[in-house]
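Here is a short note for a colleague who is new to this structure.

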Amino acid sequence: MESENVSDLNDAMERFRLVLNQCPVGHPDRATALTNLAWACLQGYIQNDVEDIDTTTSLFRDTLALRPQHHPDHPLSLYNLTEALNWRHDKKGTAGDIREAAKLYHELLPLCPEGTYLRSIVAGENGVDYVIVGCNGLPTDTSDEGIHLRRVVLELCPLGHRLRPRTLDMLAHAVKARFDQHGRIDDLDTSIQLHREAVSLCPSGHADCEAHLNNLAFSLMFRSQHQGNPNDLDEAISLHEAALHLCPVAHEFRDYSLGNLGGALVYRFKKRSDIRDMTRAITLYREALTLRPPGHPCRDTMLHNLALALKTRYDKSQVSEDLNEAIDLYRESLMLHGLDQSERHVTLFNLSSVLCSRFTQTQKSEDVEEAIAFCQESLAALSSLHLARHFGYMRLQGAYLSRYQISHDPADLLLAVKNFRLASRHPTQGFPQRIAEAIEWACQAEVHQHESALEAYQVCFELFDSHVMTRSSIISRREAATAVGGAQSLPVDAASCAIRRDNLRHAVELAEQGRGQQWSLASRLRNPVEDIESANPTLAHNYLELSKRVSDAAQSSATITDRAAADQAATEYRKLTRQWEAAVAQIRDVPAFSRFLLPPSYSDLQAAARQGPVIILIASQYSCSAIIVPTSGGPHHVPLSSVTLTDLTNLKDRFARAIREASQMTPKQSRTDLIVLLRILWNEIMLPIVNVLRHDLKLNYCRIWLCPTAAFTSIPLHAAHPFRTNPDGSREKCLEDLYICSYTPTLSALVRSRQMMKKGVTPSLATIGQGQPGAGKGKALLAVDSELELVHKLVPATAKRTTISGDAATRAGALEALQQNTWVHLACHGKQDPKQPYNSHFVMRDEDLTLLDIMEIDIPHAEFAFLSACHTAVGDEETPDEVIHLAAGLQFSGFKSVIGTLWQVDDSVAQHVVKAFYENMFPDLKDGGVMDCTKAAWALNRATHAVKTQVPLEQRMVFVHIGV
């Protein structure tokens, strides 16, 4: 600046100071005088003629204090202060200035209407845009204040603003970083929502499109690793594909996109074992490595990635060349890292894993010693909650286990278990990975007969419970339960472990805790709280209100198809879940309710045997046996020493084949194959149990409840029969001659049904039939209407009776009838969905009545349901221990006693069973007859005996009783 201009500026500043001195505090023109002096000082600072910017900023602050909100010059004073802050940030790089400027602009912009002069200077490149860019360049701050600032900056970028995509990304990174620190899944979901919007605002030609696609893919990949959702993984790969498409050969970022897609394909290969994914990943990595020749600053990363892919392929193919190349690549990468490199621990962990694999192959001790040393070095350098500690524990347990398998030193096994324990409980890792680690712990403890096996199973159940609880919809909970390999056998393996350790009570508890988790979780939200209401009405009200809100949120999320909306719903669901958990914790603080909703103890579960023993049949890879829970006293163990899990699987398949063949026979043809199988079932499985019931427990012709697990769930246990004659010529008795058999999905389900029994409920019966379901929904069932008429005639006239059939038998009509009546008889097509059991359904005139529909209604007054339809009491192959079928759904919704079917029903033949059943339920209609649902098992028992000459064997066996 020329000297005369500097002189003029100094003269102006001096005159403005004189004016200010003439305007003391309280003077009406003081704010104007402060502003004039401040602007003169700021001009000098901008032109480098004045060094003191702090005094200038203070003058603008004093002015703003004199022009509070609603003052006509308040917006102008806000703008003036932002200008001072922006210039100080521009010259000094002070982060606090740009943060404050952002908050001031957040207040200022709404005060500047479009078309005004102030708006034109505020919204320009040197105004709010400068602040946005400055804030986007700040380091990531995961504090609540830091996240809040990012949200404030985003509000400065309305839709259509050129900086909005970048600002969305910065907020997403901050929220994701907070997830890394604290593990709140809501933050991860929010990060994905923000990245989705950023992608949606960048068309394919946008300069930042490739970066935004990759960022969204990274977040989805991370959530897939954390929660096990396969859709997230597939979407992430599609996004990486799209990003690579935008980076053709010679593109400056092609190496990054090649690596990103390669990493996602490696992860999918680990999950699905499709060798095409791995082959392509290695090809992508090799191309990327050529783009990072020796001397490239990021060569070490690609060396690491290619080595990891080769090691992963070696684990499947056992080709030693892959292993040796991986070791060489890791060592080169390690040399490039240096001792102080922040990611050095990752290479050390992975190199240790490869060395362990080579030790297993060659048994050269120097490999495993080096592997252990690498892990210990890395763990020593990581903080206690560092995300990578989990992987360090995994690698270290692998090294100790490898050495134990060669040396058999017990100290190595102890150290391996210690690291299994640390890995499975490390809080910063996602539930699927921790569950997988706990499952591996249990497997290794079983193989090496280590005493920690039961602890490992218990950790699995606790982690599964927490994992499933984070899912907002019923279907997504099942996806979570099936996503982890090896988890399906946990309940029976845990129970078998406890049996082999002579702890039968704990075996009962573990079998119960691990089975029927879907029902258990759903029933938590319907738990009776009458006792709590008496002790503390406020706690009870809060719990019931939150339970309803969580349940409503879960149901509504099931219908959402938009991914972004589904993510938002999941976030809201988890917030409610945390509030619900806090309410439960408050209830448990009351001494009388310290075990509220905790896994039931043996004494709690024994209530299921109040009316007769419950027999749990355990089908494990380690042993097969039965546990009889008596009305009082400890459980009784019945070893099934001649039966293996493979035998049961074969028996199950042979039953399915024999029943299919029998359904094609005429009624008079002999069911030879079926008879042979029922005889095996009697001799090998049910006879040892009957011997204990009769000789040890002294029980004869009473009620018993069968609680099958795993392969046992697909075997008609109730129909076991010796098909032999005694020496005196009499027929040897079968199971149903000796006992009245019922089934229960879990002991808790039976206890819950008994607790919900109501006295003094006015009986009402709805008969629902659909014999003409419409095109594509199955053949016509010609006997349905006559079956409904028959039921009406055989039920006491004292019951209010309703019939819904034909065009009236719609989904809505059936749901209404279920909700308004205490007894229901349903005759129609039943369809089991083997892939998604919640879509199993009854076929109605319009839409199907699904298991999901039934689960969403709560009918505490309901008592009995007869399901005269196919496949209503058989679960799916993938999660047999969840017992997800239509009959169990009706029991869950409130029906205490249910008759269902295990396979296809012939509707014309079934009428004989229906007639005999109701005749036994109500033998004396003249006296009105008492409608007692607890008689259903006995009536079914009598009915199947009564129709032996009229109904083929497989159609007598098809009906089973569930519940009280």
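1. Accessible areas here come from the Shrake-Rupley method with a 1.4 Å probe. On that basis the accessible surface of the protein comes to about 40,900 Å². Carbon and sulfur atoms hold 52% of this surface. Please keep in mind that this is a predicted model.

2. Overall dimensions and make-up. Taken along the principal axes, the box filled by the C-alpha atoms is roughly 135 × 75 × 60 Å. The secondary structure consists of 41 helices and 14 strands.

3. The protein has 964 residues, and 56% of them are buried.

4. Charge. There are 115 negative side chains and 96 positive ones. The centres of these two sets lie 7 Å apart.

5. One sheet in detail. Strands of a sheet pair through backbone hydrogen bonds, either parallel or antiparallel. Here, 3 strands make an open sheet with antiparallel pairing, in the order S9-S10-S11. Strand S9 (830-831) and strand S11 (849-850) are at the edges; each has a single partner strand, so one side of each is left without a neighbour in the sheet.

6. The pairing of S10 and S11. Strand S10 covers residues 841-842 and pairs with S11 over 2 bridges, in the antiparallel sense. Which residue of S11 is the bridge partner of histidine 841? The partner is threonine 850.

Terms used. Residues numbered from 1 in each chain as written. Predicted model: local features only at pLDDT ≥ 70, side-chain atom pairs only at ≥ 80, totals over all residues. Heavy atoms only, no water. Helix = DSSP H or I, 4+ residues; strand = E, 2+ residues; numbered from the N terminus. Buried < 20%, exposed > 50% of the residue type's maximum accessible area, 1.4 Å probe, protein only. Lys, Arg positive; Asp, Glu negative; His and termini not counted. Charge placed at Lys NZ, Arg CZ, Asp CG, Glu CD. Pairing = 2+ DSSP bridges.
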